[in-house]
Amino acid sequence: MKIAVCIKAVPDTETKIQLAADRQNIDFTGVRFITSPYDEFAIEEALKLKEKHGGETTAFCLGGPEATDVLRDALARGLDSAVHVCDASFVQLDPLSTAKVLAAAIADGGFDIVLCGHQGSGTDNSLVPSMLAELLDWPQANIVVKLEVEGGSFKAEREIEGAHEIVQGSLPAVISAQKGLNEPRYPSIKGVMAARRKEIAQKDAAALGLAGKVGSAQATMKIKEMTMPADRPQGRIIDGDVDTAVKALVQLLRSEAQVV
Amino acid sequence: MSNGILVFVEQRNGQVRKSSLEALSEARRQAPMGKELVIAVIAGENIKSLAARVSKVKPDRILVADNAGFGKYSTEAYAAVLSAAIKKENPRYVFAANTAMGKDLLARTAAKFDAPCASDVLELRPDNGNLLAVRALYSGKCRGVFEFTSPLAFMTLRPNVFALSEAENGQQSPIEDLSVTADKVRAAVAETHAAEGQKVELSEASVIVAGGRGIKGPENWPVLQNLCDVLGAALGASRAVVDSGWIDHGHQVGQTGKTVSPQLYIACGISGAIQHLAGMSSSKVIVAINKDAEAPIFKHATYGIVGDVLEVVPRLTEELRKLNSN
Ligand SMILES: Cc1cc2nc3c(=O)[nH]c(=O)nc-3n(C[C@H](O)[C@H](O)[C@H](O)COP(=O)(O)OP(=O)(O)OC[C@H]3O[C@@H](n4cnc5c(N)ncnc54)[C@H](O)[C@@H]3O)c2cc1C
Ligand SMILES: Nc1ncnc2c1ncn2[C@@H]1O[C@H](COP(=O)(O)O)[C@@H](O)[C@H]1O
């Protein structure tokens, strides 16, 4: 089976966020990029599907130069090939534009399944996989914690509020991964060496037939301004022995904060 | 804002989701009665009786797609319903609650209409007849104000952030049948299993008691569960204890878990790592119980007690129980 994995390069979750001078983005100076955490589960699931059913795995990453390292890392983990989707016009894309670009890159590849993370860390949209599914005109299952694929169909267990849903559907499909789907493996030394020699394919707007069609100018959701959340007012440590402190706390929760 | 707001109201097993009614309430505030239309749309099987509850939020009309084909959720079938409603009403905005279903459905439908979607919206700001959407970025470390330049835009609203305003009594909103046949359904829910143990759903809970490595071991969950029971709270957890296998991932709060905004968040034996704070720092009141006075969680807490969770929590439970019985 042919498996595509969409991975996003995102700032390390430890990053102390500061805003750029124009307040349209964060300041990327010195920021270290990592594979978006949920995409690691998508990569692992692709490897497992290949182990079980045979076939071919390809990683797609839309982004700037930061994409190279995460694509190399995906290759080191064992994916067969990698495509870096990059164009000067692909900056500050909204989720729909991102999905359009990924759909254009994936559509003609003859894939049976596209694996994504259920949420890209940082932008925190949780939208791209469903939008991609619609644009490819495939069915979808999101926030998946268990996946079985057999003879042209899939069975996915997805996490919803207070329950799990079993979704059954046909392939090709878009599946987005939630933690719990698997245990991502680390790249082996051999994998890292092999990945170094592999070519990362490049695709730009012209190659995708998207020149002048997708970009920050065409996006219909635009960031006006970024702000830092207001600092929380200085908290209070309640002193005293356990008994005194607990009584004081209950009093404060009741009369000051009015939450109990 | 011409053409008003269409709100997808989510129901499961004949229960309307409270967060959907919050989204509907916000739509009503942004589109005042008599000035702009607010239309609710609801899909399912044998759900006509739910219109009474929905009416309390005073939508101008309720569109009901009641059909055996909608008994269980399917993205494609529900997207057909929402699309039919959009074509009929031609709204300026489409809202839903930011739930698993809300995001799944609105993202898919937005792409169908080549329209933008903003998820997990925390605040709406009127702006020259349009709405700006404020959403958290980098797990709440900063925020973005977004504008939409298309004639139609979709948004999912974070639960527990927008006030629910239900009228005690009032008129039933007019109901219209929405007859839709979903012809291309290639994936659908076959079964639903209720998650074990959780009595109150985390992302919608107004009180959360969360445990971290400081609770020492999974055998001590009952200590926290007792506190949950007195407060009607949901049980949350740090990633450290989820990774240790002490509790299911469904309970994890933080960057790679759930984002929550309860009225009260009680962090028990949680250090307050940046990834944990990311998921809960928008809680109204944060209480931290930790034996280390230097733990970073205290910098973010409204109230803190330096002490052993296993001593403090039972005392707190007892004290609150007394309060309840008075
Ligand atoms: C990519 C990535 C994503 C992550 N996502 C998340 C996430 O979504 N959610 C999350 O929570 N973490 C996340 N983390 C992990 C995070 O960095 C921390 O490791 C984790 O939150 C720590 O959990 P903890 O506070 O329970 O444990 P610890 O950091 O070990 O803290 C335990 C605390 O308990 C206190 N304590 C010990 N004994 C007692 C006692 N008897 N009484 C009172 N207090 C006591 C200690 O003083 C300490 O402060 C993520 C990390 C990475 C790298
Ligand atoms: N720029 C991108 N390149 C590749 N995949 C992406 C990109 N943006 C989003 N995705 C995929 O879509 C998932 C959800 O992202 P989002 O909708 O932005 O939260 C991610 O986990 C990725 O799998």
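Which strands of chain B does α8(B) lie across? That's where I'd like to start today.

Quick housekeeping: this is a predicted model, so to speak of a local feature we need pLDDT of at least 70, and side-chain atom pairs count only at pLDDT 80 or more, while totals for chains, interfaces and linings use all residues. Residues are numbered from 1 along each chain as written, chains are lettered from A and ligands numbered from 1 in written order, and side-chain values use heavy atoms, leaving out hydrogens and water.

Okay, the answer: α8(B) lies across β15, β16 and β17 of chain B, at about 135° to β16(B). Angles run from 0 to 180 degrees between N-to-C directions, with axes fitted to C-alpha atoms, for helices over the stretch in contact. Helices (H or I, at least four residues) and strands (E, at least two) are DSSP runs, numbered from the N terminus.

Now the sheet. It's open and parallel, with 6 strands in the order β13(A)-β17(B)-β16(B)-β15(B)-β13(B)-β14(B). Its edges are β13 of chain A and β14 of chain B. β13(A) pairs with β17(B) over 2 bridges; pairing takes at least two DSSP bridges. In that pairing, A:Arg236 has B:Tyr303 as its bridge partner.

Back on α8(B), look at B:Arg315. Buried or exposed? B:Arg315 counts as buried, because its relative accessibility is 14%; the cut-offs are under 20% for buried, over 50% for exposed and partly exposed in between, with a 1.4 Å probe and protein chains only. Beyond its neighbours within four places in sequence, B:Arg315 is in contact (heavy atoms within 4.5 Å) with A:Val242, A:Asp243, A:Val246 and A:Lys247.
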